[in-house]
Amino acid sequence: MDTSDFVLQSVPPDGPRPLLLVRIKAHRMNPYYFTILSMEFFGPRVHWTGERTSPCFKAREKCPGCKLKAPGKWLGYLHCLDEHGKECLLELTNRAAKMLLASVPKNRVLRGLKISVQRTEGGKHGRLCATCCGVVPNQQALPAPKDPLHTLLYLWGLKEDLDEPWSELLA
Ligand SMILES: [Zn+2]
């Protein structure tokens, strides 16, 4: 028996696999439905640098996006269950997130809410809309919320990319 018999790795393995990142990019007749697992939005300010989104860093001198004077925007992420009961990370625009928050009582924890999400007609220029459409009866039975950061590090190119696909655009 020698070392070739064992599963060995010289660097500690990374954490769990990223969640499936879901971005709704086109209009569909029926909305998509999700159940929110997160307690609240995970809302980073990001830059679009022409190729990908990257997070805005508090220290501006260390922020590649700020250095490039790339435009910035807020995006809201929620750990959810999709219609098939699969865990995912849903990306909402500023407007869609405000719309969602306006449809629930102020300061209510988002976990356990059922939401419908849809882009209006007009292709990628259609507006993303999100509203609360119900509450899960037994919230104890839902999977525990996961921190979106782990998945976003992959999106932002701050973690090595994986061979298998882990994001999808819904049309
Ligand atoms: Zn920045």
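Guide: Let's start with burial: a residue is buried if 20 or more other C-beta atoms lie within 10 Å of its own, exposed if 12 or fewer, and partly exposed in between, with C-beta atoms placed from the backbone. By that rule, 23% of the 171 residues of the protein chain count as buried. This is a predicted model, where local features need pLDDT of at least 70, side-chain atom pairs count only at pLDDT 80 or more, and totals for chains, interfaces and linings use all residues. Residues are numbered from 1 along each chain as its sequence is written.

Visitor: Why does R95 count as exposed?

Guide: R95 has 12 C-beta neighbours inside 10 Å, and the cut-off for exposed is 12 or fewer, so R95 counts as exposed.

Visitor: Which residues is R95 in contact with, leaving aside neighbours within four places in sequence?

Guide: R127 and L128. Contact means that the C-beta atoms, placed from the backbone, lie within 7 Å. For R95 and L128, 33 residues apart along the chain, the C-alpha atoms are separated by 7.5 Å; that value is for C-alpha atoms, whereas the contact cut-off applies to C-beta atoms.

Visitor: What makes a set of residues a nonpolar core?

Guide: Its members are buried Ala, Val, Leu, Ile, Met, Phe, Trp, Tyr and Cys residues joined through C-beta atoms within 7 Å. The largest one here has 25 residues, and L90 is among those with the most contacts inside it.

Visitor: What does L90 touch, not counting residues up to four places away in sequence?

Guide: V22, F34, Y77, L78 and C80.

Terms used:
Two residues are in contact if their C-beta atoms, placed from the backbone, lie within 7 Å.
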